[in-house]
Amino acid sequence: MLLIYCPYCEEERSELEFRQAGDAHIARPTNMTEMTDEEFEAFFFLRDNVKGLTYERWRHLNGCGRFFNAARDTVSDKFVTTYKAGLPKPDISTLRPATEATVETYEATESNAK
Amino acid sequence: MADLIGADLATRTLPLAGFHGGSGAASLSAAAPATRLSLRAKPDAVSALSLALGLSLPTRPKTSASAHGRHALWLGPDEWLVIDENGADMMGAVASSGVLHSATDISHRNTAVIVRGRGAEVAINGGCPQDLSLGIFPVGACSRTVLGKAEVVLFRTAEDTFRVECWRSFAPYVSGLLNEAAEDAGN
Ligand SMILES: [Zn+2]
């Protein structure tokens, strides 16, 4: 079972208590009435679907109820860090040891999945 | 209301009326009716609400405060479940606080199962993934979590006793799942 650290509960809790809530750090435009349909589509629907490190909103739905942000690897499903909503993107270079090889394949991560 | 002999009063059916179950290791019973508040407030309102309720609303995760049969359980940074086992009017109490807050009377939305015995942790862990060992979840600890498919609020009232709060519509499921797990807890 995947454990996720909730920055509000200040402890790791089971994934069963959480819901993913889309990409984080999406700037809501302040000029929506002036935007073209294409610009609105880009803001509202188009996401990068990153392979590797991504920033997501999560909600501790069956816990403290709070939304927070997570830096997560979409290949290994590893949570690099979680942080409270409203905080800036953390500097990943300080979070990822330089010696850690980037995991490239699903098979490579599954073989040593914890 | 019972003193109104002969009056034609509607009777309320308790969701777990008469429920008993479990095993020698973990006995289950329905908690007595209580009044309950879902309380939400910003940090600057906490002291006035604490004064109005007669206990210090906890501000640390997984902690609770109790006084005279009333319990305030931390659910989130701005959210508490307040339970009064004496059925006191807590809506009136918080309304007099004079500070901005949101209070909803959920006395009848929730019900609770009391799980007691040396196997209480194991019985709840039958459907709940949280670490309930005494060091991590001591007496007085509380948290909103899941029990199988239902959301519950756990409150450890003694080393061997938990109060499991759930929505009344989930009571048959929660009590049934706990009953199964309690039977296994003795083995
Ligand atoms: Zn939380």
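**Zinc site and chain A**

Modeller: In this predicted model, A:C9 is buried, and A:C64 is buried too.

Colleague: What makes A:C9 and A:C64 count as buried?

Modeller: The term is used for a relative accessible area under 20%. Both A:C9 and A:C64 fall in that class.

Colleague: How do you know which residues coordinate the zinc ion?

Modeller: A donor is an N, O or S atom within 2.8 Å of the metal. The SG atoms of A:C6, A:C9 and A:C64 and the ND1 atom of A:H60 coordinate the zinc ion at 2.0 to 2.4 Å. These distances are within the cut-off, so the four residues count as donors.

Colleague: How are the donor residues of the zinc ion spaced in sequence?

Modeller: The spacing is C-x2-C-x50-H-x3-C. A:C9 and A:C64 link distant parts of the chain, being 55 residues apart. A:C9 sits in the loop between β1 (3–6) and β2 (11–14), and A:C64 in the loop between β4 (53–59) and β5 (67–73).

Colleague: What is noted about the phi of A:E10?

Modeller: A:E10 is not a glycine, yet has a positive phi of about 60 degrees. Most residues other than glycine have a negative phi. A:E10 belongs to the loop between β1 and β2 of chain A.

Colleague: Why does A:N49 count as exposed?

Modeller: Exposed means over 50% relative accessible area. A:N49 has 73% relative accessibility, and therefore counts as exposed. A:N49 is found in the loop between α1 (37–44) and β4 of chain A. A:N49 also has a positive phi, of about 50 degrees, although A:N49 is not a glycine.

Colleague: Which elements does chain A contain, and in what order do they run?

Modeller: There are 2 helices and 6 strands in chain A. Starting at the N terminus, their order is β-β-β-α-β-β-β-α.

Colleague: What share of the residues in chain A is buried?

Modeller: Of the 114 residues in chain A, 31% are buried. The accessible surface of chain A is about 7,500 Å², and carbon and sulfur atoms hold 51% of that area.

Technical notes. Residues are numbered from 1 along each chain as its sequence is written. Chains are lettered from A and ligands numbered from 1 in the order in which they are written. This is a predicted model: local features need pLDDT of at least 70, side-chain atom pairs count only at pLDDT 80 or more; totals for chains, interfaces and linings use all residues. Side-chain values use heavy atoms; hydrogens and water are left out. Donors are N, O and S atoms within 2.8 Å of the metal (3.2 Å for Na, K and Ca); water is not among the atoms, so sites may look incomplete. Helices (H or I, at least four residues) and strands (E, at least two) are DSSP runs, numbered from the N terminus. Buried means under 20% relative accessible area, exposed over 50%, partly exposed in between (1.4 Å probe, protein chains only). Accessible areas come from the Shrake-Rupley method with a 1.4 Å probe; for residues, only the protein chains shown count as cover.
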